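Biologist: Can you take me through this one? I have the sequence and the coordinates open.

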Amino acid sequence: MDRQTNPDRRMNLDIDWTSCQGHGLCAELLPEHITLDEWGYPLLDGTPVPARTVKRARRAAADCPVLALRLAPAQAG
Amino acid sequence: MTATFPDLYMSPRLLAPGAAPADLPTHHQRYGPLSHGDPEGVLRTVAESGLTGRGGAAFPTYRKLVSVAEAGRRSGRAPVVVANGAEGEPASRKDKTLLRLSPHLVLDGLQIAAHAVGAGEAYLGVEDGATWLESALAQRSGDPLPVTVVRLPKSFLSGQASALARYVSGGAALPAHPSPPVRERGVHRAPTLVQNVETLAHLALVARYGADWYRSAGTPAQPGSALCTVHVAGHEPRVTEAPYGLPLTRLLPLEDASAVLVGGYHGTWIPAREAAELTVDAGYLGAGVLAALPVGRCGLAETARVLRYLALQSAGQCGPCLNGLPRIATAFAALAAPGPQGTVRTDLARWSGLVEGRGACHHPDGTVRLVRSALTTFAAEADAHAHGHCTATDRTALLPVPQEA
């Protein structure tokens, strides 16, 4: 199993709703996982971020102006 | 299959007979002395009892106690215990009634819980009656751990565990992101046990009389009893103790009811004919609110009033809740008024989906639960409204909503 598909390296997205102000940068940086609802707040697709996308997801989290996007290791299985 | 129903007239465990508040000598006379035992023994007895939380989630008390005790050992910090008497739910009166009639049962339970998790601080949070509880505390000279009474702001969410922990820590009574959980980092960043006051009262009796005694009421799957606030039109709300498994019809008359609200404002509407088949069950009971909507009253109008209140009670921190709940409340108010409905029902369905699961606390989830159950239970009434008429003959409000008072 290579690094790109290893399920142990998948990450889950999580939003701190008390911080999120709907800037929407996350949806631009990670459009396959995050869209915006009709009020401009992120809608997660609910699937883990695969290993090949984790780097971009980390950037999206780091670029959130209020650091409301978080990544946590996905549970195996 | 034959079912044996526990007797409604089980002797009340928690509430003082005659509705007279029990002072400390009366309390000791009624329940006998409290022995603290070793923490391991207490935890074992609680595990065997099957006691669950009475704040609404029915989480096993034993597991909560153990997780806080373990978080304390892991972090090297003595846990904090908070007795939750906030009862922000306007339709619930059971915690206020319990604290007024049997304060020492709650305070016994608070000491037991503190002992079981090795707590170094203890608080009791209430909206009302703080002075009365301070005088009750002053009578108790034998308590190992001093208890501080905290006066909470009146709001639907002040009893939410993270909001309560923040307020006790000196912050605002607002829910926080659920990670890390309060049980690991709560009051003053210490592992914190937040336990409903009724749960603590049951705990005080489990510690005295044991698991078998506790299980002598209720069903094998859901042992024990729970305090319920029962709303019947034309009567003051009544607080009564009911064993799990008791037929709902023994608690509130359903002959003249069209629907029943179970579990409070985050609960569900159930058609009366279905409710008549139910027993008291922790799965839907929430914090014990039961309200019978009489035939001839409009369930949509009742729900619209409650939704307006719930929208106003949003802490306003989380975008979906802040945007969605007022829209849902406004749409539901339109549904409650007879006349053309336009896209109201599809809007409600879409907005419900957009707020569900997208908040720091469960306020949006509970609100959506109420909306969906109302749309199902009162579907025929909503159709009548769409055709321009309401079948209700009596506009008297059933459910209490603070802002209207």
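**Strands, helices and the chain contact**

Modeller: Starting inside a sheet, Ala259(B) has Leu293(B) in S9(B) as its bridge partner. The model is predicted: local features need pLDDT of at least 70, side-chain atom pairs count only at pLDDT 80 or more, and totals for chains, interfaces and linings use all residues. Residues are numbered from 1 along each chain as its sequence is written, and chains are lettered from A and ligands numbered from 1 in the order in which they are written.

Biologist: How many bridges join S7(B) to S9(B)?

Modeller: Five, and strand S7 (residues 257-262) of chain B runs antiparallel to S9(B). Strands are DSSP runs of E with at least two residues, helices are runs of H or I with at least four, and both are numbered from the N terminus. Two strands pair if DSSP finds at least two bridges between them.

Biologist: What is the strand order in that open sheet?

Modeller: The order is S6-S5-S9-S7-S8 in chain B, five strands with mixed pairing. S6 and strand S8 (268-271) of chain B are at the edges with a single partner strand each, so one side of each has no neighbour in the sheet. From one strand to the next the twist averages 30°.

Biologist: And S5(B), what does it pair with in the parallel sense?

Modeller: Strand S9 (residues 289-294) of chain B, over four bridges. His231(B) stands opposite Ala291(B) there. With strand S6 (residues 238-243) of chain B, S5(B) pairs in the antiparallel sense over six bridges, and Val230(B) is opposite Arg238(B).

Biologist: Why is S5(B) described as largely enclosed?

Modeller: Seven of the eight residues of strand S5 (residues 225-232) of chain B are buried, so the rest of the structure largely encloses it. Buried takes 20 or more other C-beta atoms within 10 Å of the residue's own, with C-beta atoms placed from the backbone.

Biologist: Switching to helices. At what angle do H13(B) and H14(B) cross?

Modeller: Roughly 155°, with the axes of H13 (residues 319-336) and H14 (residues 344-355) of chain B coming within 9 Å. Axes are lines fitted to C-alpha atoms, for helices over the stretch in contact, and angles run from 0 to 180 degrees between N-to-C directions. That makes the two helices H13(B) and H14(B) roughly antiparallel, the term for angles over 145 degrees.

Biologist: What sort of residues make that contact?

Modeller: For H13(B) with H14(B), 13 nonpolar, two polar and two charged. Nonpolar covers Ala, Val, Leu, Ile, Met, Phe, Trp, Tyr, Cys and Pro, charged covers Asp, Glu, Lys and Arg, and the others, Gly among them, are polar. Contact needs C-beta atoms, placed from the backbone, within 7 Å.

Biologist: Last one: how many residues does each chain put into the contact?

Modeller: Eight from chain A and eleven from chain B. The side of chain A that touches chain B has four nonpolar, two polar and two charged residues.

Methods: Two residues are in contact if their C-beta atoms, placed from the backbone, lie within 7 Å. Angles under 35 degrees count as roughly parallel, over 145 as roughly antiparallel, 65 to 115 as roughly perpendicular and the rest as oblique. A residue is buried if 20 or more other C-beta atoms lie within 10 Å of its own, exposed if 12 or fewer, and partly exposed in between; C-beta atoms are placed from the backbone.
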